[in-house]
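Dear colleague,

Please find the structure below, handed over together with its sequence.

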Amino acid sequence: MEVFTLPIFQKLNKLQNCQEEEIIEPLDEPEHQPTCEECKKVFTNNSKLQRHIREIHQNLKQFRCEQCGKEFKRSQHLKRHQLTHSGSRPFECESTKQI
Ligand SMILES: [Zn+2]
Ligand SMILES: [Zn+2]
């Protein structure tokens, strides 16, 4: 009888060892990447996003056009507005003057 039980025990033991070796650490699931709601920019971690929001969207809330004093909340809006002064936007009155 012992002759039969021994291999089974060894087999079990081997199985256990095998299982131990196969223990896989839980894979890092791709976390939801922090994304700026203002400009849809994606960041590698949340602290960078928070810093971005502070620096880009909160501290610099007021963008003033030096030419007409108009204020904008976002630099993109100011830049777009400033194009009207540079004359590259054909819908401005200035362009008709130039022609
Ligand atoms: Zn942003
Ligand atoms: Zn302006």
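This is a predicted model: local features need pLDDT of at least 70, side-chain atom pairs count only at pLDDT 80 or more; totals for chains, interfaces and linings use all residues.

Lys73 sits in the loop between β2 (71–72) and α3, where helices (H or I, at least four residues) and strands (E, at least two) are DSSP runs numbered from the N terminus. With 13 other C-beta atoms within 10 Å, Lys73 is partly exposed; a residue is called buried if 20 or more other C-beta atoms lie within 10 Å of its own, exposed if 12 or fewer, and partly exposed in between, with the C-beta atoms placed from the backbone.

Residues are numbered from 1 along each chain as its sequence is written, and chains are lettered from A and ligands numbered from 1 in the order in which they are written. The mean pLDDT (the predictor's confidence in each residue, from 0 to 100) is 74 for the protein, and 54% of its residues reach 70 or more. Among the elements, α3 has the highest mean pLDDT, 90, whereas helix α4 (residues 93–98) has the lowest, 52.

As for the overall layout, the protein has 4 helices and 2 strands, which follow the pattern α-α-β-β-α-α along the sequence. Of its 99 residues, 0% count as buried. If contacts are taken as residue pairs whose C-beta atoms, placed from the backbone, lie within 7 Å, then 0% of those with a separation of 6 or more join residues 24 or more positions apart.

Helix α3 covers residues 75–86, and its 12 residues reach 16 Å from the first C-alpha to the last, close to the 16 Å expected at 1.5 Å a residue (the expected span being 1.5 Å times one less than the number of residues). Just after α3, Gly87 takes a positive phi of about 85°.

The loop between α1 (2–21) and α2 (46–58) holds Lys40, which has a positive phi of about 65° although it is not a glycine. Lys40 is exposed, because 7 other C-beta atoms lie within 10 Å. Thr44 is also found in the loop between α1 and α2, and is exposed with 9 other C-beta atoms within 10 Å.

With best wishes

Conventions:
Two residues are in contact if their C-beta atoms, placed from the backbone, lie within 7 Å.
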